[in-house]
Amino acid sequence: MVCGKGRYTLVKDVDEVENGVYDKPLPCFGCGIGWFSFLLGFVFPFLWYYATFLYFGNYYRKDPRERAGLAASAITAMGFSLLLLVIVVFWWL
(Lines give C-alpha, C1' and ligand atoms only; values in the text may rest on other atoms or scores of the structure.)
Protein backbone atom coordinates (compact mmCIF):
# COMPACT_ATOMS: atom_id res chain seq x y z
CA MET A 1 0.00 0.00 0.00
CA VAL A 2 1.34 3.34 -0.96
CA CYS A 3 1.23 6.02 1.70
CA GLY A 4 0.89 9.37 0.09
CA LYS A 5 -0.44 12.79 0.76
CA GLY A 6 -4.19 12.86 1.26
CA ARG A 7 -4.62 9.12 1.64
CA TYR A 8 -5.90 7.49 4.79
CA THR A 9 -5.28 3.99 6.05
CA LEU A 10 -8.02 2.01 7.74
CA VAL A 11 -6.74 1.13 11.18
CA LYS A 12 -9.56 -1.07 12.43
CA ASP A 13 -12.65 -2.40 10.77
CA VAL A 14 -16.02 -1.40 12.24
CA ASP A 15 -17.17 -5.02 12.33
CA GLU A 16 -14.26 -6.03 14.59
CA VAL A 17 -15.38 -4.06 17.63
CA GLU A 18 -14.42 -5.85 20.83
CA ASN A 19 -16.86 -5.71 23.70
CA GLY A 20 -15.40 -4.52 26.97
CA VAL A 21 -16.09 -6.00 30.36
CA TYR A 22 -18.69 -3.35 31.21
CA ASP A 23 -20.48 -3.24 27.87
CA LYS A 24 -22.96 -5.91 28.92
CA PRO A 25 -26.17 -4.62 30.51
CA LEU A 26 -26.69 -4.83 34.24
CA PRO A 27 -29.21 -7.34 35.64
CA CYS A 28 -32.67 -6.32 36.86
CA PHE A 29 -33.85 -4.36 33.84
CA GLY A 30 -30.49 -2.67 33.31
CA CYS A 31 -30.39 -0.71 36.56
CA GLY A 32 -28.46 -3.26 38.62
CA ILE A 33 -29.32 -5.27 41.69
CA GLY A 34 -28.47 -2.40 44.06
CA TRP A 35 -30.71 0.24 42.55
CA PHE A 36 -33.45 -2.30 41.90
CA SER A 37 -33.34 -3.32 45.57
CA PHE A 38 -33.27 0.32 46.63
CA LEU A 39 -36.38 1.23 44.64
CA LEU A 40 -38.34 -1.93 45.36
CA GLY A 41 -37.29 -1.72 49.02
CA PHE A 42 -39.85 1.01 49.62
CA VAL A 43 -42.49 -1.66 49.02
CA PHE A 44 -40.54 -4.64 50.43
CA PRO A 45 -37.97 -3.33 52.96
CA PHE A 46 -36.37 -6.78 53.23
CA LEU A 47 -34.66 -6.07 49.88
CA TRP A 48 -32.60 -3.31 51.50
CA TYR A 49 -31.16 -5.85 53.91
CA TYR A 50 -30.49 -8.28 51.06
CA ALA A 51 -28.58 -5.54 49.19
CA THR A 52 -26.71 -4.68 52.39
CA PHE A 53 -25.61 -8.29 52.68
CA LEU A 54 -24.40 -8.16 49.07
CA TYR A 55 -22.59 -4.87 49.71
CA PHE A 56 -20.68 -6.13 52.74
CA GLY A 57 -20.03 -9.38 50.90
CA ASN A 58 -18.14 -7.38 48.23
CA TYR A 59 -20.55 -8.31 45.46
CA TYR A 60 -19.60 -5.08 43.69
CA ARG A 61 -16.14 -6.48 42.91
CA LYS A 62 -17.78 -8.53 40.17
CA ASP A 63 -19.06 -5.34 38.58
CA PRO A 64 -18.10 -1.94 40.08
CA ARG A 65 -21.19 -0.33 38.55
CA GLU A 66 -23.23 -2.05 41.28
CA ARG A 67 -21.43 -0.29 44.14
CA ALA A 68 -23.48 2.92 44.29
CA GLY A 69 -26.85 1.18 44.33
CA LEU A 70 -25.76 -1.35 46.94
CA ALA A 71 -24.35 1.43 49.13
CA ALA A 72 -27.59 3.41 48.81
CA SER A 73 -29.56 0.33 49.87
CA ALA A 74 -27.22 -0.24 52.84
CA ILE A 75 -27.63 3.34 54.03
CA THR A 76 -31.40 3.15 53.63
CA ALA A 77 -31.49 -0.15 55.56
CA MET A 78 -29.59 1.51 58.41
CA GLY A 79 -32.02 4.45 58.45
CA PHE A 80 -35.01 2.12 58.35
CA SER A 81 -33.58 0.09 61.26
CA LEU A 82 -33.10 3.25 63.32
CA LEU A 83 -36.64 4.35 62.51
CA LEU A 84 -38.01 0.98 63.65
CA LEU A 85 -35.95 1.20 66.83
CA VAL A 86 -37.30 4.66 67.64
CA ILE A 87 -40.87 3.56 66.96
CA VAL A 88 -40.53 0.47 69.17
CA VAL A 89 -38.89 2.42 72.02
CA PHE A 90 -41.54 5.15 72.02
CA TRP A 91 -44.32 2.60 71.68
CA TRP A 92 -43.32 0.99 74.99
CA LEU A 93 -42.98 4.28 76.89
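What follows is a walk through one predicted protein model, from its overall layout to single residues. Residues are numbered from 1 along each chain as its sequence is written, and side-chain values use heavy atoms, with hydrogens and water left out. Because the model is predicted, local features need pLDDT of at least 70 and side-chain atom pairs count only at pLDDT 80 or more, while totals for chains, interfaces and linings use all residues.

The chain has three helices and zero strands. Here helices (H or I, at least four residues) and strands (E, at least two) are DSSP runs, numbered from the N terminus. Along the sequence the pattern reads α-α-α. Of the 93 residues in the chain, 25% are buried; buried means under 20% relative accessible area, exposed means over 50%, and partly exposed lies in between (1.4 Å probe, protein chains only). The chain exposes about 7,700 Å², of which carbon and sulfur atoms supply 70%. Accessible areas come from the Shrake-Rupley method with a 1.4 Å probe, and for residues only the protein chains shown count as cover. Among contacts with a separation of 6 or more, 50% are between residues 24 or more positions apart, where contact means heavy atoms within 4.5 Å.

An unreviewed UniProt entry places the feature "transmembrane region" at residues 33-56 and 68-92. UniProt positions are given in the numbering used here, feature names are shortened, and annotations may be inferred rather than shown by experiment. Residues 33-56 are 79% helix and 0% strand, with the end C-alpha atoms 14 Å apart. Residues 68-92 are 100% helix and 0% strand, and there the end C-alpha atoms lie 37 Å apart.

Helix α1 spans residues 32-40. Its buried residues are Gly32, Ile33, Gly34, Ser37 and Phe38, and what covers them includes α2 and α3. Ser37, a residue of α1, counts as buried because its relative accessibility is 3%. Apart from its neighbours within four places in sequence, Ser37 is in contact with Leu47, Trp48, Tyr50, Ala51 and Ser73.

The next topic is the aromatic rings. A pair of aromatic rings is described by the distance of the centres and the angle of the planes. Rings of Phe, Tyr and Trp (its six-membered ring) pair if their centres lie within 6.5 Å; planes under 30 degrees apart count as stacked, over 60 as edge-to-face and the rest as tilted. A search of the whole structure finds seven aromatic pairs. In one of them, the ring centres of Trp35 and Phe38 are 5.6 Å apart and the planes stand at 90°, so this pair is edge-to-face. Both residues lie in α1, three residues apart, about one turn of the helix. Trp35 is partly exposed because its relative accessibility is 36%, whereas Phe38 is buried, with a relative accessible area of 17%. Tyr55 and Phe56 form another edge-to-face pair, 5.4 Å centre to centre with 70° between the planes. Phe56 counts as exposed, at 63% relative accessibility. Ring pairs also link Trp35, Phe38, Phe42, Trp48 and Phe80 into a cluster.

Phe29 is not a glycine, yet has a positive phi of about 65°. Phe29 sits in the segment before α1 and is exposed, at 79% relative accessibility. Asn58, also not a glycine, has a positive phi of about 60°. Asn58 is in the loop between α2 (46-56) and α3 (67-92) and is partly exposed, at 32% relative accessibility.

Side chains of opposite charge can pair when their charged atoms come close. The structure holds one salt bridge, meaning a side-chain nitrogen of Lys or Arg within 4 Å of a carboxyl oxygen of Asp or Glu. The salt bridge joins Asp63 and Arg65, at 2.8 Å from N to O. Asp63 is buried, with a relative accessible area of 10%, and Arg65 is partly exposed, at 31%.

On the surface, Ile75, Met78, Leu82, Leu85, Val86, Val89, Phe90 and Leu93 form a nonpolar patch with about 870 Å² of accessible area together. Patches are made of residues with over 30% relative accessible area and no salt bridge: like charges are joined within 9 Å, nonpolar side chains (Val, Leu, Ile, Met, Phe, Trp, Tyr) within 5 Å. Leu93 lies in the segment after α3 and is exposed, at 77% relative accessibility.
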